[in-house]
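Have a look at the structure first, then read on.

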Amino acid sequence: LVWKAQFRGMDVAACEYSARSEEEMRRMEQEGTALQRSAHPNVVRFFGICYSRERGLAWNLLELSHLYTLQAYIHDRRHQAVYCLRPKSTRASLALQVVHAVNYLHTLEDIVIIHGEIRSSSALLFSKDLVKLCNFSHCRLYRSEEVPKEAVISDVRDLVLLVGEIFSRRVFDRLEEVYVQGGIPRQVVIGMRRAMASGSLEELCAALETAMEETSGGSGVGGFTVGEGRDRRSPVYEANSSLHFASATSSSDSSSLRGFDLENSSTGK
């Protein structure tokens with residue numbers, strides 16, 4: 001469950017976990033640790049952790065999107081008509097942003113982050129031209145010299161399937177289906193194959209950049225620039241802060257939590 005909440009006067013997404021479940025707390029800690037180490041314009045920001053001992057609940061406080069997931073943008077009837085009208089240059093830009101984010105996670109100097117759940121549902125739109133990777137609760141962290149090659153390839157495979165989905169609006173299960181799908185620029189397919197062979201995303205990034213330039217007539221995408229943002233930022237931890245729930249993004253009844261205030265909430269590092 002994800003809530004829209006107010007935290008120290010700022011709108012945030014509060015991702016709820018049961019503090020009584022060891023598995024949920026492990027996933028919560030994994031997400032918080034990974035995001036605390038990340039500083040990239042295409043990865044959601046992490047602000048801290050809030051607990052309620054009385055309710056046995058905990059929340060990761062993340063950057064809030066007022067739009068929807070990439071999955072909804074591509075496939076939901078409410079949005080897909082708009083998506084269908086977006087040029088290939090925009091689709092290449094969205095794909096490139098996700099690839100940049102994963103490449104950043106895979107090339108961190110000390111601790112490499114394997115996302116583990118790269119899907120269109122794990123990418124949030126912050127504008128029609130800006131997408132950020134989220135849903136890190138299934139991620140794994142490795143020392144850079146100890147990353148299993150199969151873990152990297154698994155992430156890359158999921159990423160290639162997602163790039164194919166962004167271009168073609170089809171959900172793929174097999175790489176072979178992506179490689180022969182019409183509508184994906186040839187240089188992007190070549191970049192996909194090389195990424196799968198090597199585990200490196202550099203050539204796929206270059207292929208998407210070329211596709212973006214060629215399909216936009218060399219004029220870019222509405223002035224939008226994809227930044228690589230290598231500077232690491234620290235999350236904000238506020239002691240004795242309050243968390244006010246505004247609404248839930250799920251279909252469940254939120255009346256019991258609306259207006260609930262954590263007067264003595266704490267944050268963790």
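## Helix H4 against helix H8

The axes of H4 and helix H8 (residues 202–215) come within 8 Å and cross at roughly 160°. That makes H4 roughly antiparallel to H8 (an angle over 145 degrees counts as roughly antiparallel). Axes are lines fitted to C-alpha atoms, for helices over the stretch in contact, and angles run from 0 to 180 degrees between N-to-C directions. Helices are DSSP runs (H or I, at least four residues), as are strands (E, at least two), numbered from the N terminus. The crossing of H4 and H8 is left-handed (the near helix is turned anticlockwise from the far one by less than a right angle; right-handed is clockwise).

This is a predicted model: local features need pLDDT of at least 70, side-chain atom pairs count only at pLDDT 80 or more, and totals for chains, interfaces and linings use all residues. Residues are numbered from 1 along each chain as its sequence is written, and side-chain values use heavy atoms, with hydrogens and water left out.

## Helix H4 against helix H5

H4 (residues 88–106) also packs with helix H5 (residues 149–168), at an angle of about 170° and with axes 9 Å apart. H4 and H5 are therefore roughly antiparallel to each other. Their crossing is right-handed.

Which residues meet? In H4 they include Leu94, Val98 and Val102; in H5 they include Val152, Leu159 and Ile166. Contact means heavy atoms within 4.5 Å. The residues of this contact divide into 13 nonpolar, one polar and three charged. Here Ala, Val, Leu, Ile, Met, Phe, Trp, Tyr, Cys and Pro count as nonpolar, Asp, Glu, Lys and Arg as charged, and the others, Gly among them, as polar.

## The nonpolar cores

The largest nonpolar core has 69 residues. Phe136, Val188, Met192 and Leu208 have the most contacts inside it. H5 gives the most to this core, with 11 residues. Another core lies apart from it, with 10 residues, among them Phe7 and Phe47. Such a core is a set of buried Ala, Val, Leu, Ile, Met, Phe, Trp, Tyr and Cys residues joined through side-chain atoms within 4.5 Å. Buried means under 20% relative accessible area, exposed over 50%, partly exposed in between (1.4 Å probe, protein chains only).

Asparagine 135 is not a glycine, yet has a positive phi of about 60°. Asparagine 135 is partly exposed, with a relative accessible area of 27%. Arginine 169 has a positive phi near 65°, and sits in the loop between H5 and helix H6 (175–179).

How values were computed
Angles under 35 degrees count as roughly parallel, over 145 as roughly antiparallel, 65 to 115 as roughly perpendicular and the rest as oblique.
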